[in-house]
Amino acid sequence: MNDLVVYGTPVSPFVRKVEAVLHTQGVPYDFEMINIMDMPDWFIEISPARRIPVLRDRTVGEEGVADTIADSSAICVYLDRKFDAGLYGKDAFESGRIAWLEEYADTELALPLGMRLFRPILFPRFSGQDSDLETARKTYQEELPRHFDYLEQTLDGNEFFVGDTFSLADIAVGVQMTQLDLVAGTVDDSRWPSLARHTQAMKAHPGFVDNLSACGKMLGRLVPEKVDLNGQKAVRDK
Ligand SMILES: N[C@@H](CCC(=O)N[C@@H](CS)C(=O)NCC(=O)O)C(=O)O
């Protein structure tokens, strides 16, 4: 049994964010699966917002609410301090930039990507239906490009989003962009070359590899081929 327990599912980008910090720091942890469609009462007690992830630190307490932290951003701040990870920049301005990019990724990017692209592709397949490609394509073609433009411009040809080192900003954007990659591939590298390169780097990063491999296994049967969001026809459409 490890000191830390992460509650969630690897397929959540917010859980991926927490796992990326833990793997980057080489911290072992237990993982307990939570089905977001049917959350048990004990989980709702520790997650009043009814969201994953939640972290428990058994060095603080073994059970109940007081030894848990909900929300990926709160958890990442805690882990960064606890393990002195240095993922929030080297000075005040960098910390502010990182917090901004994390917030942007968690809200502005995550909402269309999760609710209007990832879920419409995946969720109908749970019940053997076809993906809602019209919604996913509309989101990809009409809603997301301005966010990709902003991220491309922010990277400005650099390897990392803030300063010259890997930070929580790279993790926060990376977990969303890899969510897209899981079902539809990386963005067009002729239009968003820095962002496409960044996503590829995150896919290979030790913080991401185990989580993405677990996601690949979980999604493999439901989304065996990536969906083409540019064209008129999905690659895997029967
Ligand atoms: N701000 C939260 C967002 C977490 C979140 O939205 N998680 C989703 C899964 S990706 C969730 O738990 N959704 C519950 C539901 O849809 O019922 C965080 O950073 O942890």
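Helix 1 and helix 3 are roughly parallel to each other in this predicted model. Their axes cross at roughly 5 degrees. That angle falls under 35 degrees, so the pair counts as roughly parallel. The two axes come within 9 Å. On the helix 1 side, the contact is made by F14, K17, V18, V21 and L22. On the helix 3 side, S72, I75, C76, L79 and D80 meet them. By class, this contact has seven nonpolar residues, one polar residue and two charged residues.

Helix 1 spans residues 13-25, and helix 3 spans residues 72-82. These are the elements that give two or more residues to the shell around the ligand. The shell consists of S12, P13, F14, I36, R50, R51, I52, P53, D71, S72, S73 and D106. Sorted by class, five of these residues are nonpolar, three are polar and four are charged.

P53 is found in a loop. That loop runs between helix 2, residues 41-46, and strand 3, residues 54-57.

D84 lies in the loop between helix 3 and helix 4, the latter covering residues 92-126.

The protein chain is divided into two parts, domain 1 (4-82) and domain 2 (92-219). Their C-alpha centres lie 21 Å apart. Twelve residues of domain 1 are in contact with 18 residues of domain 2. On the side of domain 1 that touches domain 2, helix 1 and helix 3 are the elements that give two or more residues. Helix 1 gives the most, with eight residues. By class, this side of domain 1 has six nonpolar, three polar and three charged residues.

Helix 7 covers residues 168-184, and helix 8 covers residues 193-204. The two pack at an angle of about 95 degrees, with their axes 9 Å apart. Angles of 65 to 115 degrees count as roughly perpendicular. Helix 7 and helix 8 are therefore roughly perpendicular to each other. In helix 7, the contact involves D170, G174, M177, T178 and D181. These residues meet T199, M202 and K203 in helix 8. The residues of this contact divide into two nonpolar, three polar and three charged.

Confidence was examined along the chain. The mean pLDDT of the protein chain is 95. A value of 70 or more is reached by 97% of its residues. Over residues 233-238, however, pLDDT stays under 50. For this stretch, the model has twelve contacts beyond four places in sequence. Where pLDDT is low, the predicted coordinates should not be read in detail.

Note on methods: Residues numbered from 1 in each chain as written. Predicted model: local features only at pLDDT ≥ 70, side-chain atom pairs only at ≥ 80, totals over all residues. Near = placed C-beta within 6 Å. Helix = DSSP H or I, 4+ residues; strand = E, 2+ residues; numbered from the N terminus. Nonpolar A, V, L, I, M, F, W, Y, C, P; charged D, E, K, R; others polar. Axes fitted to C-alpha atoms, helices over the stretch in contact; angles between N-to-C directions. Parallel < 35°, antiparallel > 145°, perpendicular 65-115°, else oblique. Contact = placed C-beta atoms within 7 Å. Domains from an automatic or database assignment. pLDDT = per-residue confidence, 0-100.
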